[in-house]
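Good morning, and thank you for joining this group meeting. Please take a moment to look at the structure before I describe it.

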Amino acid sequence: MMANKPGILLVSHVSDIADGLATLLGQVAGDVTIIAAGGTEDGEVGTSFDKISAAVEKFEEDTILAFYDLGSAKMNLEMAIETTDKNITLYDTAFIESAYTAASLLQVDVPVEDIDKQLAELKVK
Amino acid sequence: MLSVETVTKWMELFGEQLTENKTYLSELDTAIGDGDHGNNLARGAAALKEKLGANEYEALTDLLKDVGMVFVSKIGGASGPLYGSAFISMAKASKDNDSLELADLLAAGLDGIQKRGKAEAGEKTMVDEWVPVVEAVKNNSLTTETIEEAVEKTKDMKATKGRASYLGDRSIGHLDPGAMSSSLLFKTMLEAGVYDGK
């Protein structure tokens, strides 16, 4: 049996954006666990530490690549990262393009170090 | 005086002010942000009231930590992690330190905010309220005027951090909502007797 690939966590202010992006990535990365944490707990626009933390704990994978849309998503993500034992890397990269790149590469078992190099070019924040 | 009693009072008054100014804070945020600052903080205030009502605190650090965790969980947005980090950082500073001065406590809070939000003074954020207040507490010179002037100064600033930064020059001429809510924090700090000029 193959070891688990790293998972992908998508955090957006809007649940439709996070869920939609997960659908997009699913097309190229059927074997990668992709979990979306969009919007607040009551479905409003925003990001929620509790919701992101719950999403993190849903992963069976210990290594997670995390992508986000805007600044406050990053802050809530960082707090969730500080309160978990999982190994999560946060990317300050273009949300859609970089998550898509990572998903495509994880699907074909490219090592995270190599993915990092490719994502570095997509840094926008 | 810095004590469980005065800080509890402080948090009660701060919560009341957030609830009272909910619409105003959201209006400020509508001009240059996403318009949810007042609503988010009012939700945090309601949760804080419940938390404080259900617990008795013996140590200041436990009280500050609970305030921080409520803010992180219930405020959401950018201000949840920012105010949350401030209070969690203050909780850490007050742990096993009975002789902690208010200036050091607030400096720890500011440090928590800056580590989380990566903002410096002059970027039109709540940091522009915290920096002069921390300085004034250090120098024993904090007044209501200090607090209000600091908010006013954000009006002419161009936002380079936070949601307002997307507006560039168009952010000039508006008060920063985060600085405004922080001014309520510090006014209620005076009112609750946490600051006594010592």
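Predicted model: local features only at pLDDT ≥ 70, side-chain atom pairs only at ≥ 80, totals over all residues.

Starting at the N terminus, chain B runs α-α-α-α-α-α-α-α-α. In other words, the secondary structure of chain B consists of nine helices and zero strands.

Next, I turn to the overall dimensions. The C-alpha trace of chain B spans about 45 × 35 × 25 Å along its principal axes. How does the radius of gyration of chain B agree with that of a compact globule? A compact globule of 198 residues would have a radius of gyration near 16 Å, and chain B has 15 Å, so the two agree.

Of the 198 residues in chain B, 53% are buried. If we take the contacts in chain B between residues at least 6 apart in sequence, 62% of them join residues at least 24 apart.

Finally, I come to the contact between the two chains. Chain A contributes eleven residues to this contact, and chain B contributes twelve residues. On the side of chain A that touches chain B, the elements giving two or more residues are helix H2 (49-58) and helix H3 (71-82) of chain A. Which of these gives the most? That is H3(A), with five residues.

Thank you for your attention.

Notes:
Residues numbered from 1 in each chain as written. Chains lettered and ligands numbered in written order. Helix = DSSP H or I, 4+ residues; strand = E, 2+ residues; numbered from the N terminus. Rg over C-alpha atoms; globule rule 2.2 N^0.38 Å. Buried ≥ 20, exposed ≤ 12 C-beta atoms within 10 Å, placed from the backbone. Contact = placed C-beta atoms within 7 Å.
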